[in-house]
Amino acid sequence: MVKARPAAGGGRWVEISPERIRGWLDGFYSRHDGATEQGLVLTGLSNGDTATLYPPPGLADARDVDTLLARVIRPPRIAVLLARKGAVAVGVADGATITVSKVERFYVQGRTAAGGSSQQRYARRRANQANAATQRAADIAARIMLPHAPGVVADPHDAVSALVCGGDRSMIDAVLTDRRLSPLAPLRHPHLLESAEPRLAVLEDAAVTARRIRVHLMP
């Protein structure tokens, strides 16, 4: 599957599934009468257009196109954390398959138009509910992901190699401040997935999305 959207600062982002990346690269070479490769940057010979490839989570050590193509065939095990104020979904994925997961919804009161002391009371109640939701989300994340963290799991080959997050960045940041999750913090991938309200189906879709190779095309 190929998805495209405009990129901030110019050009566009294209997301390509591992199954289609070879065909997409062949097309880039064909459209540009060939291309030079420097690491993961392709430059078209006909007009200087560039395509910069970003490996999917867990494959940061793929420094050139050939290595990337060899590695995406067997995608690594990753942890997935999707969070919003009202829900969390946590899972471990082997390839595109979620092998263990937990989804939970929370009640966090919406904002109110009331003023004065009523508004302050609602705000305090909402803050308390949000804090409780964050703590519960951290509990779930620790229970599901920690057994698969490097240094925790007995066999290093069974450990997750990346943590992929999606949803509300502030909620995720708050969850990951929990000390129990410190073994996973260094594995956090910088790209935040767009995510609907966390549900099992959304978590499964996120595991598929996380496998895609992101390509920045210029111009």
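Glu15 and Arg212 are both buried, that is, under 20% relative accessible area, where exposed is over 50% and partly exposed lies in between (1.4 Å probe, protein chains only). I begin with this pair and then turn to others.

First, the basis of the talk. This is a predicted model, in which local features need pLDDT of at least 70 and side-chain atom pairs count only at pLDDT 80 or more, whereas totals for chains, interfaces and linings use all residues. Residues are numbered from 1 along each chain as its sequence is written, and side-chain values use heavy atoms, with hydrogens and water left out.

How many salt bridges does the structure hold? There are 9, a salt bridge being a side-chain nitrogen of Lys or Arg within 4 Å of a carboxyl oxygen of Asp or Glu. One of them joins Glu15 to Arg212, with the closest N and O atoms 3.6 Å apart. Glu15 lies in strand E2 (residues 12–16) and Arg212 in the loop between helix H5 (200–210) and strand E10 (213–218), so this pair ties together parts 197 residues apart in sequence. Helices (H or I, at least four residues) and strands (E, at least two) are DSSP runs, numbered from the N terminus.

A second salt bridge links Asp61 with Arg71, and here the closest N and O atoms are 2.8 Å apart. Asp61 sits in the loop between strand E5 (50–54) and helix H2 (65–71), while Arg71 belongs to helix H2, so the parts tied together are 10 residues apart in sequence. Asp61 is partly exposed, at 48% relative accessibility, and Arg71 is partly exposed too, at 29%.

The side chains of Asp139 and Arg180 also meet in a salt bridge, at 2.7 Å from N to O. Asp139 lies in helix H3 (residues 116–145) and Arg180 in the loop between helix H4 (169–175) and H5, so the pair connects parts 41 residues apart in sequence. Asp139 is partly exposed at 25%, as is Arg180 at 36%. Together with Asp178, Asp139 and Arg180 are linked in a network of salt bridges.

Which residues of H5 are buried? They are Val202, Leu203, Ala206, Ala207 and Ala210. These cover an arc of only 145° around the axis, taken from the directions from the helix axis to the C-beta atoms, and so lie on the same side of H5. The buried residues of H5 pack against strands E6 (77–84), E7 (87–94), E8 (97–105) and E9 (163–167), where contact means heavy atoms within 4.5 Å.
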